[in-house]
Amino acid sequence: MKRFLSILLAILMLAVMLPVTAMAAEVEVSTYEQMKTVLANPGTYVKLTTDIDTTPITFKKLDVVEAADNCTIDLNGFTFKAKNCTVAFEGNNLTIKNGKFDSNGGSYALFVGDEGDSKNVVVENIETNGGINIYNASVTLRNVTSAGTNYYSVWCDEGSFVTIESGEYSSNGSAVLGMASLKPAVKVDLTVNGGKFYVSEKQSLVLPGTEGEARGTPSITGGTFYATPEQMEKIKEYIPTNSELTQTGDGFTVVPKAPTQIVIVPDRTEDTPKTEPEKNPTTGANDVVAAAVALMAVSALGMAVLARKK
């Protein structure tokens, strides 16, 4: 009996230590209302079974999908369609992946963040027909293909902390990336670690500020940019000193700068072979000669002692 209880206790301990994600409840949904309802439960893994189209719904204001902590929205290859500025997603440790967002011709297809907490949001393996609008949220974009319409591929609004790791980004607006105006006590941060960015001749990579309106500037440590050499001169301003641009085909890639090699030449003065016997610093005589004279003196003294004994 004791052996049985010990085994049962060990199994229970292993179950307690299982990752939270492994124990997350997977729920299949086919409607927008179903999605909103099940995401209220922490750790829920939502998987779409069909496209969801919210465009027929009349929203009086922005409708926020409030996900509980550690939820995942798996589009499962399907499309979520919403008109511009009608639906937004928020939640801590929220993952949105594997599908497409369509703005139905509007400016932004995916809105992330609202007045609630949206920390550590990950958007991956997503395609958008329309840009991505991020507000008051920390978001990582990974393997995202975003085609902005009218404005930007990615708009970083007030209170946003955005990291682009990979994907492809383009827009038919004035710039590919946009950052909100700088205001007191309001931060906007954009870091580009990778991805491909397509900048037409009439565009800029990042929406520039004006004399009366300063805007945030990104930090670019990686990525490939398809732009004119003139545009790249502006992009260089966003590259830290430990990185540099290299041309790769018809694009420019940001790579870490090679470390400077410092060659130390050792002082070999003492190792130089001596061609003459070393002289005594006091007398100036050669040490070999001095040693011979000393040996002869000792020998003479020894012979004198022997002669006295005889």
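Among contacts in the chain between residues at least 6 apart in sequence, 52% join residues at least 24 apart, where contact means heavy atoms within 4.5 Å. The model is predicted, so to speak of local features requires pLDDT of at least 70, side-chain atom pairs count only at pLDDT 80 or more, and totals for chains, interfaces and linings use all residues. Residues are numbered from 1 along each chain as its sequence is written, and side-chain values use heavy atoms, with hydrogens and water left out.

Let me begin with the chain as a whole. Its secondary structure amounts to 4 helices and 23 strands; these are DSSP runs numbered from the N terminus, helices (H or I) having at least four residues and strands (E) at least two. Of the 310 residues, 38% are buried. Buried means under 20% relative accessible area, exposed means over 50%, and partly exposed lies in between, with a 1.4 Å probe and protein chains only. The accessible surface is about 18,400 Å², and carbon and sulfur atoms hold 55% of that surface; the areas come from the Shrake-Rupley method with a 1.4 Å probe, and for residues only the protein chains shown count as cover.

I turn now to strand E2. Strand E1, residues 26-29, runs parallel to E2 and is joined to E2 by 4 bridges; two strands pair if DSSP finds at least two bridges between them. Within this pairing, Glu28 is opposite Lys47 of E2. From E1 the chain passes through helix H2, residues 32-38, to E2, in a right-handed β-α-β crossover. Right-handed here means that, with the strands pointing away from the viewer, the path from the first strand over the helix to the second runs clockwise. E2 is also joined by 3 bridges to strand E5, residues 72-74, again in the parallel sense, and Lys47 has Asp74 as its bridge partner in E5.

Ala25 sits in the loop between helix H1 (2-16) and E1. It is partly exposed, because its relative accessibility is 44%. Its contacts, apart from residues up to four places away in sequence, are Gly43, Thr44 and Tyr45. Ala25 and Thr44 are 19 residues apart in sequence, yet their C-alpha atoms are 5.1 Å apart.

Next come two residues around strand E4. Is Thr54 buried or exposed? Thr54 is buried, because its relative accessibility is 1%. Thr54 belongs to the loop between strand E3 (52-53) and strand E4 (63-66), and its side chain reaches the backbone oxygen of Lys81 at 2.9 Å. A polar contact is a pair of N or O atoms within 3.5 Å; within protein, one must be able to donate a hydrogen and the other to accept it, and residues adjacent in sequence count only if both atoms are side-chain atoms. Beyond its neighbours within four places in sequence, Thr54 contacts Tyr32, Phe59, Phe80, Lys81, Ala82 and Val87. Glu66, in strand E4, is exposed because its relative accessible area is 55%. Leaving out residues up to four places away, Glu66 touches Leu39, Ala40 and Glu90.

Phe197 and Phe225 are themselves bridge partners, Phe225 being in E21: strand E18 (residues 196-198) and strand E21 (residues 223-226) pair in the parallel sense over 3 bridges. E21 is joined to strand E23, residues 251-256, by 3 bridges in the antiparallel sense, with Thr224 opposite Thr253.

I close with the aromatic rings. Rings of Phe, Tyr and Trp (its six-membered ring) pair if their centres lie within 6.5 Å; planes under 30 degrees apart count as stacked, over 60 as edge-to-face and the rest as tilted. That rule gives 12 aromatic pairs. One of them, Tyr108 with Phe111, is edge-to-face, at 5.8 Å centre to centre and 75° between the planes. Both Tyr108 and Phe111 are buried. Ring pairs also link Tyr32, Phe59, Phe80, Phe89 and Phe101 into a cluster; of these, Tyr32, Phe59 and Phe80 are among the contacts of Thr54.
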